[in-house]
Amino acid sequence: MIKPINKSLLFTYLTLIIIITFLYFSLNVIVTTWEGFNLWFIDFKKPETANFSAFIAGIFSFISSLLIIYTIYVQIKQNKEQNIQFAINQFENNYFKLIDFHSDNIKEFIHVRPDKATEEINTGIIVFKRIFEQFFEAYKIVDNNLDADILNGIYINETIKKENEKFINNILINNKNINKEDLHLTKTKINIAYLTVFYGTPEGDGSIEVLINILSKRYHIESLNKVLTELSSKKTAYYPHQRYFGGHQSRLGHYFRNLYQSISYVDKKTFLNESQKEDYVKIFRSQLSNYEQAIIFLNSLCILGESWEYNSVINDKEKGLISKYQFIKNIPQNFLSVVDIHPNYFYRHIKFEYEN
């Protein structure tokens, strides 16, 4: 709400100026008519009227100038506060529209559950649970077929390998007890499994070709032939010719674009202090289910979502959006431990809710 002009303060300044003006003219009259007097042994003689009047005029002019300057300062300060409040009002209006859009987008999610013998259609927020379950299935297949020996030669060039090592080294700061090779392997498996769930493996719509093309830009695809064959051969329970991983690009792509825009929108506002930014992001975070936060975590470790955290982190003191705003702190303990994935290994700056 825009603050109104402080009329009482303005009235006070005007009153003071009127009083000062009155005193000035009163003293001038006294000086003009005063003839002097004797008090005990002291003789108070009439001063020279012109000099005394000039002296008094100078004092009152100085005081009046200070009051005018202060009045202008206060008014400028009020105008600045009003401008900031106006900007906040506009920001809030747009921000809450983004939150509403986020909720409306999720309500439109429709997905046929692949692990049921009869077609079960899920809608809305429950779809995230299904995506989460499908990631588990993909990760187990990748985990069974990708070991440390394959990992050693999986990257197509040294540049990509060094980028991943830099990523892992950054994570390992202050986490000396975590095995570097295990963490490296876990992130690679998460990347492959998540990309599989995101793009899917269906034939005919180009999804499997897109998946292979993206993987081939990072890994020797022949090293993943066994993994991809098993991922592609998994079928739905309700239809034996339908591939299990149907893909969620149309859902998650839109979801993450809006989510990233919303949090970046808060983060870039210079008229908000850090505490205010955290409070606004907390409002958004409160809308997210545990499954959503888990998917956000997995997405951030995949090449599709590294801009959330690790592309912006240069050293141990800097934080990406997820750490800065504790965006996945509500993931329950052991939520992903069934596949031996621990979010706190990758996000050392986040104080997870279960750690309180």
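A residue is buried when its relative accessible area is under 20%, exposed when over 50%, and partly exposed in between (1.4 Å probe, protein chains only). This is a predicted model, in which local features need pLDDT of at least 70, side-chain atom pairs count only at pLDDT 80 or more, and totals for chains, interfaces and linings use all residues. Residues are numbered from 1 along each chain as its sequence is written, and side-chain values use heavy atoms, leaving out hydrogens and water.

**Overall make-up**

- The protein has 356 residues, and 42% of them count as buried.
- Its secondary structure comes to 13 helices and four strands. These are DSSP runs, numbered from the N terminus: helices are H or I with at least four residues, strands are E with at least two.
- Take the contacts (heavy atoms within 4.5 Å) with a separation of 6 or more: 70% of them are between residues 24 or more positions apart.

**Nonpolar core**

- A nonpolar core is a set of buried Ala, Val, Leu, Ile, Met, Phe, Trp, Tyr and Cys residues joined through side-chain atoms within 4.5 Å.
- The largest one has 81 residues. Phe135 and Phe297 have the most contacts inside it.
- Beyond its neighbours within four places in sequence, Phe135 touches Ile190, Ala193, Tyr194, Val197, Leu298 and Ile341.

**Salt bridges**

- Side chains of opposite charge can pair when their charged atoms come close.
- A salt bridge here is a side-chain nitrogen of Lys or Arg within 4 Å of a carboxyl oxygen of Asp or Glu. The count by this rule is ten.
- Arg130 and Glu133 form one, at 3.0 Å from N to O. Both sit in helix H3 (residues 126-145), three residues apart, so about one helical turn separates them. Arg130 is buried at 7% relative accessibility, whereas Glu133 is partly exposed at 24%.
- Asp267 pairs with Lys324, with the closest N and O atoms 2.6 Å apart. This pair links distant parts of the chain: Asp267 is in helix H9 (residues 249-267) and Lys324 in helix H12 (residues 321-324), 57 residues apart. Lys324 is partly exposed, with a relative accessible area of 29%.
- Lys277 and Glu274 meet at 3.7 Å, N to O. Both lie in helix H10, three residues apart, about one turn of the helix. Lys277 is buried at 7%; Glu274 is partly exposed at 40%.
- Asp267, Glu274, Lys277 and Lys324 are linked in a salt-bridge network.

**Arg285, a buried charge without a salt bridge**

- Arg285 is found in helix H10 (residues 274-285).
- Arg285 is buried but has no salt bridge. The nearest side chain of opposite charge is Glu353, 7.0 Å away. For charge, Lys and Arg count as positive and Asp and Glu as negative, while His and the chain ends are not counted.
- The Arg285 side chain reaches the backbone oxygen of Tyr325 at 3.2 Å.
- A polar contact of 3.5 Å joins the side chains of Arg285 and Asn330. Such a contact is a pair of N or O atoms within 3.5 Å; within protein, one must be able to donate a hydrogen and the other to accept it, and residues adjacent in sequence count only if both atoms are side-chain atoms.
- Beyond its neighbours within four places in sequence, Arg285 is in contact with Gln293, Tyr325, Gln326, Phe327, Lys329 and Asn330.
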